[in-house]
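Okay everyone, thanks for coming.

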Amino acid sequence: MSLKIDQDHSRFRGIVRGKIRENLKKYIAQGELIGRKGKDQVTIPIPHIDIPHFTYGQKQQGGAGQGEGEPGDPMGGDPEEGEEGSGKKAGEGAGEHSLEVDVTLDELADILGEELELPDIEDKGKSRIISEKDRYTGIRRVGPESLRHFKRTYREALRRQISMGNYSADRPMIVPIPDDKRYRSWKTQAEPVANAVIIYMMDVSGSMGDEQKEIVRIESFWLDAWLQKQYKGLESRFIIHDAVAREVDRETFFHTRESGGTMISSAYRLCATLIDNHYPADEWNIYPFHFSDGDNWSMDDTLLCVDIMKQHLLPRVNMFAYGQVESPYGSGQFIKDLREHFAADDRVVMSEIRDRDAIVGSIKEFLGRGK
Amino acid sequence: MSEFALRTSLPVYLREEQDRVEKIAAGEGLDFFPVVFEILNYDQMNEIAAYGGFPNRYPHWRFGMEYERLAKSYEYGLSKIYEMVINNNPSYAYLLEGNSLVDQKLVMAHVYGHVDFFKNNFTFRATDLDAGAHTVDPSKRRNPYDPNRRWIDKMANHGTRIRKHVARFGINRIEEFVDHCLSLENLINIHAPFQAQQKADVESDTPKEVPRLRTERPYMESFINPVEFMDKQRAKMDADRDRAKKFPERSERDVLAFLLEHAPLEGWEHDVLEVIREEAYYFAPQWQTKIMNEGWASFWHSRLMTTKILDSSEIIEYADNNAGVMATSGGRLNPYKLGVELYRDIEDRWNKGQFGKEWEDCDDLDAKRTWNVRLGLGQQKIFEVRSHYTDVTFIDEFLTADFCRDQKLFSFGWSNKSERFEIESRELKKVKDKLLSQLTNGGNPFIYVEDANYENRGELLLRHDHQGQDLRSDYAREVLKSLVRVWKRPVSLTTMIESKTAILRFDGKEHSVRQMK
């Protein structure tokens, strides 16, 4: 059933996405997105736009409350943890704008997706990826006026008038009645469009702490969830590396613990081999994602990486994504080196991930380009 | 009856319940408009709730925003809307499909409390309409009282009016203006409906002469009407006349009315602003009496449910749900809880005669504890209170030190040292001060139109009556923008920033702040 609210709701979504009424976007308060307590518990963003009024600053105001506690205790009754911004007006809660709940992966990918652009996968070779398209295929008696088939409607009216005997060739006036109206109808058809592969590479060397690996996993997990949801038949390959690189299955990628030195070139070389052997560039859309703390073994190796990228990777891929996680040990030099060499190349997308809160922003940086 | 009302129908078993609850409520002395219950599924419920209870409003994105919040909280099982009732005659109330029978009865009993309040609390009389759907003078209450409150129709008409402009000018243009108007919607004077229409003093334009004392002897003239005195009088009259030229003559608190009357608005702009203003006045009684209204409805649902409606098998389920509604969490005040406890306290005190001079003057704690002169005035008193008070007067008069202590009320404030909200005090005076300052004018600052020809340049000057709290400055700047959009000339606002007088000004391009010493 369609609701009246749908129009207002889609206006609101449009504002939130910045598609319409851009000047309102600055008032949007966003909740955060990805969980703190494992992958089950997440915060759902409920964007909220405040309409400005003449009003008081909340901090000056304070208020009245009810419950236990001594003067000097924080609001909320828990002396350990002061609840931030919990001052509510009597009689009227401004309403929390984010909620913590369990959601399914699909729902989450949807929520995430509202913020993202899809990579623009090109039509290449024998197609494996399915996309859906609506086609007008027939005629029916009901439908929206915008889809009214004028010719068919006219014909029906003409036929009716002739058969009822009130058509005269001298005065050929045709007046359709609602029963005469005919509308276009459509079917949704699946269309194969393209092949695409995503190659995830992760640095699992000693300088990558557990927290850093976790961040990489969360980020690649969501990238994968989102892209898999959008494109049926999308392939994913996983590479982990320290001083040597090897290809692993999904399970290992998301759960392995290793340590050792770091030679990023090993991963890039393996990636290039993988592409050479399995994914000819004229048939495949290729998206390598590499995550590291940016602490490479030596400058020589970094130069080797740059060389591999220039010679083997960049000519074949649609986009090369590099995400650097901040780590307490690493120098974080690698991204600087990459910037030096590829700053002007828009096929290379780089993103620095400070902490877990930065994951969403980083995903947006990667996918926000629509490449 | 709206078309919407005919679309859904109440199942027979609920209709029977309604009859029963209605009879019981009337038997207890509640006096309400006819109530129409509708049963809705959760999607419809969220939609209607997003529209503030009305099936038809003007198109605006914020209803969509509210819908998203409600729908998400419902879908993720965080909250659901129990009841919704509209101040309309007949009143419409909504029941959620799939709620248990006990819940539905609870909602019905609660709704009859609200509708009694809508009908009898004086503030709601400001929503009475005449045949042309204009508000009428609320100071007269006819007997028997059956006012026209067809606000469902009125809101739907507002929707039609605005949609007509949308069709003509496009949604973006209209919506943008609606946003500006909404920024101004709290600039109304809640007392305006009750103030007698101030007649503009129609003074003759003929210049007045200073009145002279009559004398028949010309040579006495300069003694009886000395020249210096006459000059002084003349100067004073000139000054008076100049002062009268200031416009508006008196500060005007109904800024919206002033703008409607005097801003250079296009036809459609006038229409939009008028709609926003009328709706702001419609909702004003609800925020003026939030604690009282919710308290009253809760008071009656709990009394009716526990004494008349429920049988013993249902009482546990009821108690469980009721406890959820009355719960306070995180130290926050729950208006339902505060209201209901205050009514109970008042009823108890007036039953026992714990009021008046004798009671106030008594210092004997023991005597006070057992004070009971069996006046039995409780019921009568609370009905009186529900008719003649608003939240401000309700709290001011009936919040006592004993109540404050029993209910564990406290005041809190922001602590700069520990960067959090902290409990400040449990003293009656401080708690009451905080509560009242939040409730007064709905927690909105007092803003007046001072001068519509500021600095003789046709600019608008507003004044913020500063009562100890500064305005939120980023919002104030935005509201000034909206005012300029409506007034179409620069707008200034005098206020105080950190205890110094300041004038905020927006000229259509830039903001400026002038600090005074």
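One thing before anything else: what you're looking at is a predicted model. Keep that in mind throughout.

So, chain A. Chain A has 371 residues, and 32% of them count as buried. Its secondary structure comes to 10 helices and 13 strands. If you take the contacts in chain A with a separation of 6 or more, 74% of them are between residues 24 or more positions apart.

Now chain B. Here we have 517 residues, with 39% counted as buried. Chain B has 21 helices and 10 strands. Its C-alpha atoms fill a box of roughly 100 × 70 × 60 Å along the principal axes. For chain B, residues 24 or more positions apart make up 69% of the contacts with a separation of 6 or more.

Chain B is also split into domains: domain 1 covers 3-152, domain 2 covers 327-439, and domain 3 covers 445-515. Between the centres of domain 2 and domain 3 of chain B there are 38 Å, going by C-alpha atoms.

Okay, on to where the chains meet. How many residues of chain B are in contact with chain A? It's 62 residues of chain B, against 54 residues of chain A. Several elements of chain B supply at least two residues each to that side, including helix 3 (42-50), helix 7 (171-183), helix 12 (290-309) and helix 21 (473-487). Which helix of chain B gives the most? That's helix 4 of chain B, with 10 residues. And if you sort the side of chain B that touches chain A by class, you get 27 nonpolar, 18 polar and 17 charged residues.

There's strand pairing across the two chains as well. Strand 4 of chain A, residues 63-66, pairs with strand 4 of chain B in the antiparallel sense, over four bridges. To find the spot on screen, look for Gly65(A), which stands opposite Phe410(B). A quick reminder on what pairing involves: strands of a sheet pair through backbone hydrogen bonds, either parallel or antiparallel.

Next, let's go to a sheet in chain B. It's an open sheet of five strands, in the order 6-7-8-9-10, with mixed pairing. Which strands sit at the edges? Strand 6 (446-454) and strand 10 of chain B, each pairing on one side only. From one strand to the next, the twist averages 25 degrees.

Let's zoom in on the end of that sheet. Strand 8 of chain B, residues 491-497, and strand 9 of chain B, residues 500-506, pair antiparallel over seven bridges.

Then strand 9 of chain B goes on to strand 10 of chain B, residues 511-515; they run antiparallel and five bridges join them. Leu504(B) has Val513(B) as its bridge partner there. This hairpin has four residues between the strands, and Gly508(B) takes a positive phi near 105 degrees.

The largest nonpolar core has 116 residues, and the members touching the most others are Ala109(B), Tyr112(B), Val272(B), Leu480(B) and Leu483(B). Let's pick Tyr112(B) and see who's around it. Leaving out residues up to four places away in sequence, Tyr112(B) touches Val21(B), Glu22(B), Ala25(B), Leu30(B), Phe32(B), Val35(B) and Trp300(B). There's also a second, separate core of 51 residues, which includes Met202(A), Trp284(A), Ile286(A) and Ala321(A).

Last stop, a single residue in chain A. Leu303(A) lies in helix 8 of chain A, residues 299-313. Why does Leu303(A) count as partly exposed? Because 14 other C-beta atoms lie within 10 Å of Leu303(A), whereas buried needs 20 or more and exposed means 12 or fewer. And have a look at Ser265(A) too: it is 38 residues from Leu303(A) along the chain, with 8.8 Å between their C-alpha atoms.

That's my tour, so over to you for questions.

Methods: Residues numbered from 1 in each chain as written. Chains lettered and ligands numbered in written order. Predicted model: local features only at pLDDT ≥ 70, side-chain atom pairs only at ≥ 80, totals over all residues. Domains from an automatic or database assignment. Contact = placed C-beta atoms within 7 Å. Nonpolar A, V, L, I, M, F, W, Y, C, P; charged D, E, K, R; others polar. Pairing = 2+ DSSP bridges. Core = buried A, V, L, I, M, F, W, Y, C linked by C-beta atoms within 7 Å. Axes fitted to C-alpha atoms, helices over the stretch in contact; angles between N-to-C directions.
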